[in-house]
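Student: Please show me the structure, and then let us go through it with questions.

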Amino acid sequence: MPHIDQLFQEHKIENFKWIPLEKPITLEFYKTWLNQQMHGDMKYMEKHLPYKEDPTLLLKKAQSAIVFLVPYYPHPYKNDLPLKNSHVALYAKNADDYHIHLQNQINQICQKLNELFPGDEFIGFTDSKPVLERDLAYKAGLGWFGKNACILNKSGSYFFIAEIYSTKAIEAAPVVHPNHCGNCTRCIDACPTDAIVQDKVIDARLCISYLTIESKSVASDELKPKIGSWLFGCDICQSVCPWNKKHFGDTEQTLSSELYEKDLEWILTSSNKELARSLQSTPLSRAAGWKLKRNAIIVATNLKLKNLLPHIEKYQDHEKLNDLVTWSKKNIH
Ligand code: B12
Ligand code: SF4
Ligand code: SF4
């Protein structure tokens with residue numbers, strides 16, 4: 001459809017596909033994952049099951065989906081994050097939260113689609129609704145499931161997945177992207193917490209991304225040192241991937257310990273309100289407050305930043321951080 005191609009071109013989106021919307025093909029894997037409690041504290045993932053199974057619960061009479069990939073590296077918008085000297089996952093290293101920015105773009109595309117097809121409905125999402133997004137991208141032939149569970153193609157995996165549900169019926173033959181992981185196991189070997197428990201299966205409870213963003217508790221003593229210097233998210237299983245290396249070169253971050261210390265000091269000496277205000281509408285707002293302080297204490301201890309101990313000790317009586325402070329005092333030297 002030439003007008004659709006043009007619309008996506010105008011939005012600089014190259015990788016998209018319009019496919020019939022059916023039950024996800026990997027739904028059974030999702031169910032097994034939930035049954036094994038690999039979602040940890042993310043209890044909302046259980047409530048998502050019926051919606052993921054039946055897309056018409058999100059859009060009545062939904063029949064198709066336009067699925068697209070939006071690269072987040074190198075960053076499309078230049079805008080510095082307040083914590084620019086810290087180890088933050090690449091997707092979040094931008095002051096604009098993609099949940100807001102990309103969603104606005106999706107809404108604009110939907111508006112145009114509604115004009116092009118007045119009899120049909122279009123609503124779009126990214127990472128905000130109960131949709132099995134990787135399954136959609138896989139079904140659309142936009143990439144394959146890597147052993148690290150990420151969807152990747154020969155241009156790597158540093159992209160968001162977004163989709164527009166539509167009531168318009170569409171016919172398209174399924175094209176599954178061939179899997180090019182081969183015998184490679186670099187992501188599995190490199191994961192510091194052994195969170196990739198089997199090919200394409202992540203135990204979220206062990207994943208640094210979960211431990212620093214989603215988890216509502218403090219990691220076990222066994223896991224804390226393995227978080228290393230990650231303050232928010234983790235890119236290891238992607239940065240070691242040969243397809244990302246081939247396309248982007250080395251994406252591992254080099255950080256100055258001195259500047260990192262300043263960032264951590266700022267987190268530990270700011271009130272939760274101040275943190276929330278400064279990080280408002282950035283991806284980091286998801287962990288602003290006590291969670292970011294939790295992460296800062298773990299990183300400071302792992303990096304042996306003893307100068308920060310007086311700031312850490314101030315949380316000795318904090319109801320959620322008290323045990324962590326005791327651990328830090330023991331391990332920071
Ligand atoms: C919950 C969640 C997390 C959790 C759980 C991780 C996880 N693996 O699901 C945590 C917080 C840990 C997380 C981390 C990350 N996430 Co996240 N996350 C989500 C979210 C909200 C739901 C995902 C979900 O349903 N998981 C359920 C489990 C079962 O799915 P899964 O692990 O992908 O497993 C599938 C495969 O294993 C497959 N499968 C299993 N066996 C087999 C066998 C065969 C033969 C086949 C074909 C398939 C297959 O089936 C499963 C079900 O689809 C989605 C957004 C969305 N609405 O989909 C984003 C999403 C998956 N996350 C995303 C990103 C960017 C990340 C991080 C890279 C962020 C970071 N740098 O810190 C990491 C990557 C960690 C990893 N290696 O997966 C992107 C992924 C883009 C991509 N290229 O794949 C998404 C799609 C958000 C978006 N809109 O772009 N995430
Ligand atoms: S994001 Fe980090 S902790 Fe999670 S599976 Fe990948 S390497 Fe392991
Ligand atoms: S590191 Fe290797 S096994 Fe892992 S996703 Fe990349 S190609 Fe596949």
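Student: How many of the 8 residues of strand S2 are buried?

Tutor: This is a predicted model, in which local features need pLDDT of at least 70, side-chain atom pairs count only at pLDDT 80 or more, and totals for chains, interfaces and linings use all residues. Residues are numbered from 1 along each chain as its sequence is written, and chains are lettered from A and ligands numbered from 1 in the order in which they are written. Strands (E, at least two residues) and helices (H or I, at least four) are DSSP runs, numbered from the N terminus, and a residue is buried if 20 or more other C-beta atoms, placed from the backbone, lie within 10 Å of its own. Strand S2 covers residues 64-71 and is mostly covered, the buried count being 7.

Student: In which sense do S2 and S7 pair?

Tutor: Two strands pair if DSSP finds at least two bridges between them. S2 and S7 are joined over 8 bridges, and alanine 65 stands opposite tyrosine 165 in S7. The sense of the S2 and S7 pairing is antiparallel.

Student: Which residue in S2 is the bridge partner of proline 20?

Tutor: Strand S1 (residues 15-20) pairs with S2 over 6 bridges, in the antiparallel sense. The bridge partner of proline 20 in S2 is serine 64.

Student: Why does ligand 1 lie between domain 1 and domain 2?

Tutor: Domain bounds come from an automatic or database domain assignment. Ligand 1 lies between domain 1 (2-166) and domain 2 (186-331) because residues of the shell around ligand 1 come from both.

Student: Which helix gives the most to the shell around ligand 1?

Tutor: Elements that each supply at least two residues of this shell include helix H2 (27-35) and helix H8 (208-214). With 4 residues, the element that gives the most is H8.

Conventions
Buried ≥ 20, exposed ≤ 12 C-beta atoms within 10 Å, placed from the backbone.
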